[in-house]
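Open the model in your viewer and keep the selection tool at hand.

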Amino acid sequence: MLTLYYFNWTGTSEELKEYIKMTASVFKDMEGISFRGVFIPTSEWNFALLYETKSFDKALEAFKTGMKKYGDKWQSKIPVSKSEVLLTFEELGY
């Protein structure tokens, strides 16, 4: 399953680079989740993170791990965000 995490950023470009490094390190340390990169979407959102995982529970675990590890540095510059989950037909049981 692929997950797009859209977010708006209110910090500096240096702080964004730090946030991306923190995010990548959390995903790197977790089994069953793969960080694919940061993208600039053609929508109202500033950025989108793309990652692949085996389950939504694993994605939620990664988010909670990041919050525990980095505290306010993890989400303090993101006033609003949303996640979209992209599932294959096989993952849906077709």
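Helices (H or I, at least four residues) and strands (E, at least two) are DSSP runs, numbered from the N terminus. This is a predicted model: local features need pLDDT of at least 70, side-chain atom pairs count only at pLDDT 80 or more, and totals for chains, interfaces and linings use all residues. Residues are numbered from 1 along each chain as its sequence is written, and side-chain values use heavy atoms, with hydrogens and water left out.

**Stop 1: the nonpolar patch**

Select Phe-56. This residue lies in helix α2.

Which element gives the patch its largest share? Color helix α2 (residues 56-70): it supplies four residues.

**Stop 2: a charged pair in helix α2**

Stay on this helix and select Lys-58 and Glu-61. They form a salt bridge, with the closest N and O atoms 3.4 Å apart. The term means a side-chain nitrogen of Lys or Arg within 4 Å of a carboxyl oxygen of Asp or Glu. The two residues are three apart in helix α2, so about one helical turn separates them. Glu-61 is partly exposed, at 38% relative accessibility.

**Stop 3: a pair in helix α1**

Move to helix α1 (residues 13-28) and pick Glu-14 and Lys-17. Their closest N and O atoms are 3.4 Å apart, in a salt bridge. Again the spacing is three residues, about one turn of the helix. Is Glu-14 buried or exposed? Glu-14 is exposed, at 52%, while Lys-17 is partly exposed, at 46%.

**Stop 4: a strand-to-strand pair**

Select Arg-36 and Glu-52. The closest N and O atoms of this salt bridge are 2.3 Å apart. The pair links distant parts of the chain: Arg-36 sits in strand β2 (residues 33-39) and Glu-52 in strand β3 (residues 47-53), 16 residues apart. Both count as partly exposed, Arg-36 at 46% and Glu-52 at 31%.

**Last check**

How many salt bridges does the rule give? The count is six.

Conventions:
Buried < 20%, exposed > 50% of the residue type's maximum accessible area, 1.4 Å probe, protein only.
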